[in-house]
Amino acid sequence: KGPGLEPGVNTAEPAEFKIYSVNSKGDPVKVGGNPFDVQVTGPRGDIVPADVKDNGDGTYDVKYQPVEEGKHNIDVVLRNKDKPLFYDHVKNSPVTVDVEPGVDAANSIAYGPGLEDGILDTLPAEFTIESRDKRGNPVKEGGQPFTVDIDGPTGKVPAKVTDNGDGTYKVEYQPKGPGKHK
């Protein structure tokens, strides 16, 4: 169960889900040690590494990082402890997840008067961040945790980032005195 098996997985963030082990009667297993294996296959047949962490309580945290958008196949199996080449698929496995492109900071852009020379230090300044994916296409939804660090001539300048909900973010700051702000 978890968001790593559901719509909304993207290439910008690791995808995570949890395996809950049960016995043959369907009752929860309360100890770890089961040899679960997860294989994630990308849209071109490439293997995406998946990390399985035994929590020692019958649950297992799984994390994988998709690098390209498209359909990913997630296969979860329980290996036979005595004969590891033999295994059984867990219930509802395999799962296909359609991975969406995520925001790529290197391709995102910032523009507006708050980035230009000649602004007054007596008025608030603002600019816009436009989030883009790894192909440079604008991302049309918000929700990214953008942070902005501004260094003024006398030290750090606080900046307020507002998510516009459409893939753009309004950044406001109050310049601290005359001089370069970067």
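**Entry 1: the pocket lining**

I looked up which element gives most to the lining of the largest pocket; β1 has the largest share, with four residues. I note here that I am working from a predicted model.

I then took the volume of this largest pocket, which comes to about 640 Å³. I found 28 residues lining the pocket. Closest to its centre are I19, Y20, S21, V90 and K91.

I got 14 nonpolar, eight polar and six charged.

**Entry 2: a sheet of four strands**

I moved on to an open sheet built from four strands. I read their order as β9-β10-β14-β13, with antiparallel pairing.

Which strands stand at the edges? I found β9 (109–111) and β13 (159–163) there. Each has a single partner strand, so one side of each is left without a neighbour in the sheet.

As a reminder to myself, strands of a sheet pair through backbone hydrogen bonds, in either the parallel or the antiparallel sense.

**Entry 3**

I followed β9 to its partner β10, which covers residues 125–130. How many bridges join β9 and β10? I count three, and the pairing is antiparallel.

I looked for the residue opposite I109 and found E130 in β10.

Notes
Residues numbered from 1 in each chain as written. Predicted model: local features only at pLDDT ≥ 70, side-chain atom pairs only at ≥ 80, totals over all residues. Heavy atoms only, no water. 1 Å grid on protein atoms, 1.4 Å probe; cavity = no way out; pocket = protein on both sides within 12 Å on 5 of 7 lines; lining within 4 Å. Points joined across faces, edges and corners; volume = space filled by probe spheres on them. Helix = DSSP H or I, 4+ residues; strand = E, 2+ residues; numbered from the N terminus. Nonpolar A, V, L, I, M, F, W, Y, C, P; charged D, E, K, R; others polar. Pairing = 2+ DSSP bridges.
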